[in-house]
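Keep the sequence and the 3D view open as you read.

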Amino acid sequence: MSLWIVTVIILTALFLLVTEKIPVDLTAMGIMVALMVFGILPPRQAVAGFANPAVITVAAMFLISRAMIRTGAVGFVGEKVIQFSRGNQRLAMLMTLVIVALASAFINNTPVVVLFIPIVTSLSCEYQLSPSKFLIPVSYASILAGTCTLIGTSTNIIVSDLSAMYGYGELSMFELSSLGVPIALLGIAFLYFAAPRLMPAQAIPTCELHDSEQRRYLAELTVPVNSPLIGRDPSRAFSEKYPSFEVFECIRKSQIFHAGRQEVTIAANDLLLVKASANDLITALDHKVVQLPPSHYDLASSTDFKDAVIVELIITPQSTLLGEKLVQTKLRGDPGIRIIAVRSRGHHYAAQKIHDVRLRLGDILLLQCQENRLAHLRSDPDFIVVEDVHHEIVHKGKARWAMLIFLAVVMAATSGIADIMVCALAGVFLMVLTGCLQLRDSYRALQGNILVLIAGTIALGTAMEKTGAARLYAETYLSLFHGADPRVILAGIILLASISTQALSNNATAVLLIPIAISTALALGVSPRPFIIAVCFGASACYATPIGYQTNLLVYGPGGYRFSDYLKLGIPLNLLVLIVGSFFIPLLWSF
């Protein structure tokens, strides 16, 4: 009976994690509650995940990563080196991918991508490059490099701890490097050559925030029923009479169409996201070719345009606003800030429709604000300001201390002087003690939802093992490969993990599949070690969808991407991991 209860809990949890009907951390809490209520696990065992060394180590690495970003130890070097590209897209792409990969191999990749979004957009604005050529590759390069070391991603730390818990030993600091580095190099080479050809060439709307004689302004305009624009291509509709106009998006109801990328003609009541000079904007409004939405009429005067700027803010993984209704946030009540619209995974919500919008990771807020409010927005960790100068919010004086402490953590963990958890906690202590990390920042950087998710899925993994569910699932899975060579079954494990991680988080995938992988190996009479490594690489192969990993979501809005853009580069990368992993894992970790 308990086996079927666990199966129902797993299926329910999978449904909730994939659909996000409720927040993922609430789902994880529900897993623990259900396991206790139905008597599958005693209370102490159900919540033991919170004291698991993997959870503590992951939390500590979040804090160390935050200190490395806050002090500019990564960003300063990254931005200065990128500037050497001097507008050469090929050189800029290569240097960006290499820097992101080197940083992501040793610190959590999410803050690295958070750091590089404004750096890439600033570079794109300065040299008239398209950020959409860079941002998906940046996310993928960070994921590829994360599999090169034990601390490159939280998934590796979790797999290492679970391997030790099941009696098969921890992973060493650079054990994964023998396979992770070749895969990363091949993946980065593929991104370098394929991304410029396969990625769209989206312009960035908010490039012209600074004063200039030819300054243009971002605005939202509606198309009246008698407009001469109706039936015309939005990318060319204004070019004859209003040459400064550039149309980025045509919004119909809540659906976004990207001008120049999708075949669409302007219809009555469409909402256009445009950038143009103040003169052309006012002229077009006077000619009644377009009009301002009802809530935007006070934007019509040129005085208002001169006194304010329009910016985009991205909701970060550490944001306290995640899950909140926009109308209940601090932004809504700020007299110096005006919310124009929200973009959420390909949908647009105008000001009159945002009352029930709950903010999610990667959502973009379009704001009008006074220029003196920009410094406040830049210093707020709840947002990334698109097209921003990151060094206005870092503390470069502590960069040397941060780098020394980080190197000490890596060397101590690598040499075996102390356990990785001890090293990480000691690193956090020293970061706070030396002022590289403030306690206030550290609590915000913990990403509690991920930690709760890990603890909940660890409890579920324990229940699977205790009730025999893991063995049942392994035997069922083995029946699909009856009589097959262990290499083929290993490839099947990588494929299963890779598919699962497109819908679930990579951490949840690893925790759920590790007991199945170990049971499968034992049933075959071979060493579980190669199968544990297979889960490690398969769970991190989250390239094919925007929801596969949070860095993919972070770049979705700023790059103006569609779901299909992830498939163009993601499927080849998934196949790369599957083919190379299936061939080399048995050679490097023998059966």
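The structure holds five salt bridges, where a salt bridge is a side-chain nitrogen of Lys or Arg within 4 Å of a carboxyl oxygen of Asp or Glu. Before we look at them, note that this is a predicted model, in which local features need pLDDT of at least 70 and side-chain atom pairs count only at pLDDT 80 or more, while totals for chains, interfaces and linings use all residues. Residues are numbered from 1 along each chain as its sequence is written, and side-chain values use heavy atoms, with hydrogens and water left out.

Side chains of opposite charge can pair when their charged atoms come close. One of these pairs is Arg252 with Asp270, whose closest N and O atoms are 2.7 Å apart. Arg252 lies in strand β2 (residues 246-252) and Asp270 in the loop between β3 (255-258) and β4 (271-277), so the bridge ties together parts that are 18 residues apart in sequence. Helices (H or I, at least four residues) and strands (E, at least two) are DSSP runs here, numbered from the N terminus. Asp270 is buried, at 1% relative accessible area, and Arg252 is partly exposed at 29%; buried means under 20%, exposed over 50%, and partly exposed in between (1.4 Å probe, protein chains only).

Lys330 and Asp382 also meet in a salt bridge, at 2.7 Å from N to O. Lys330 sits in the loop between β5 (308-315) and β6 (337-344), and Asp382 in the loop between α13 (374-378) and β9 (383-385), so this pair joins parts 52 residues apart in sequence. Asp382 is buried at 0%, whereas Lys330 is partly exposed at 42%.

**Rings**

Now turn to the aromatic side chains, which form 11 pairs. Rings of Phe, Tyr and Trp (its six-membered ring) pair if their centres lie within 6.5 Å; planes under 30 degrees apart count as stacked, over 60 as edge-to-face and the rest as tilted. Tyr192 and Phe193 are edge-to-face, with 4.9 Å between centres and 80° between the planes. Tyr192 is buried at 19% relative accessibility, and Phe193 is partly exposed at 49%. Arg90 lies over the face of Tyr192, 5.1 Å from the ring centre; a charge sits over a ring if NZ of Lys or CZ of Arg is within 6 Å of the ring centre and within 35 degrees of the ring normal. Elsewhere, ring pairs link Phe106, Phe174 and Phe406 into a cluster.

**Into the core**

Which residues touch the most other members of the largest nonpolar core? They are Tyr140 and Met431, in a core of 153 residues. Such a core is a set of buried Ala, Val, Leu, Ile, Met, Phe, Trp, Tyr and Cys residues joined through side-chain atoms within 4.5 Å. Helix α4 (residues 53-70) gives the most to this core, with 12 residues. Leaving aside residues up to four places away in sequence, Met431 has contacts (heavy atoms within 4.5 Å) that include Ile64, Met68, Ile405 and Phe406.

Ile405 and Phe406 are among the buried residues of α14, and the buried residues of that helix pack against α4 and α15 (420-433). After α14 comes Gly416, with a positive phi near 80°.
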